[in-house]
Amino acid sequence: MKGFLQLVPNLTFGDDVCRLFHGRGGLYVGDEHLCLDWYKPVLLLTSFKMLETEQLDELVIAIKALWLQQRPNEPLNLVYQYRQGGQTFSELLFGEVPEPHIVSENGARFIVHLLRGQNHGLFLDMANGRAWVKQHAKHKKVLNLFAYTCGFSVVALQGGADEVVNMDMSKGALSIGKQNHVLNDLPAGARYLGHDIFKSWGKLTKLGPYDLIVADPPSNQRGSFVATKDYERLLKRLPDLLAPQGEVLLCLNAPELGCDFLMQQVASTAPQLTYIERIANPSVFADVDEQKSLKVLRYRLS
């Protein structure tokens, strides 16, 4: 835990949600299991292996010192979560978690849930992807596939999109997405379709074509999407949904699959798409091997 303990005293955080320490990137040897996130007004410490009591106590002492330095007049709110064998265990160590818990990022507000499950309602490594969409959505019709809680939809409408179609199998996630739109004073402009994407091409085609498509699927979720077999199925359909010169952001968050996997899939399955660039991840998510980190590839219909 040496890297964590050395870095924590130098951390700063403001109003926006963010990752503070990213051990998963492998830059801190021995701390690959640790992450620290800021979901104002709560700090979230995550470990991907069970910590001994003494280890957790040492981390908490460092976090307390950081809190006293950054927020001396506020009570510490700290959630600890560890994940092991596909299971997630969450515990409130200090303070409280607001309900509803609303965080901000780049001028948008989102509902998050830190005490249930692995997914908290907003994927922090996708911050630059959301910023890019917000900057490039003006006057566009957007299709948000695997929409989850509709973060891309919120920022697209904030950026002046004409319309956003959100599709996700999880009606619960879409329900939170609807709340996120209301939270940001965006009562109109978004559709929410709680369907299996692979059974809904007719509906999507009818509502299209789209100037921008965001495809951010889970990498390995049985019954929903497994990248190694399902990305090809998705890519076969995307060009037909795009308007002329339309663009698509193809996202992949599987450490075992690099950009080459996705680029080869596009070349063989959807050659009409031309590669433009990879959207960089936030600097805090730097990785010893950037092919293992989140991939967000921008393509244009040629």
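Phe 21 stands opposite Leu 36 of β2. Strands here are DSSP E runs of at least two residues, and helices are H or I runs of at least four, numbered from the N terminus. Two strands pair if DSSP finds at least two bridges between them.

β2 also runs antiparallel to β3 (residues 42-47), with six bridges joining them. One partner pair is Cys 35 with Thr 46 in β3. Two residues separate β2 and β3, and the strands form a hairpin.

## About the model

This is a predicted model: local features need pLDDT of at least 70, side-chain atom pairs count only at pLDDT 80 or more, and totals for chains, interfaces and linings use all residues. Residues are numbered from 1 along each chain as its sequence is written, and side-chain values use heavy atoms, leaving out hydrogens and water.

## An enclosed strand

Six of the six residues of β2 (residues 34-39) are buried, so the strand is largely enclosed by the rest of the structure. Buried means under 20% relative accessible area, with a 1.4 Å probe and protein chains only. Leu 34, Leu 36 and Trp 38 point one way. Cys 35, Asp 37 and Tyr 39 point the other way.

## Asp 168 in its loop

Asp 168 sits in the loop between β9 (163-167) and α5 (171-183). Contact means heavy atoms within 4.5 Å. Not counting residues up to four places away in sequence, Asp 168 touches several residues, including Phe 146, Leu 174 and His 195. A polar atom of the Asp 168 side chain lies 2.8 Å from the backbone nitrogen of Ser 170.

Key
Buried < 20%, exposed > 50% of the residue type's maximum accessible area, 1.4 Å probe, protein only. Polar contact = N/O pair within 3.5 Å; in protein donor to acceptor, adjacent residues only side chain to side chain.
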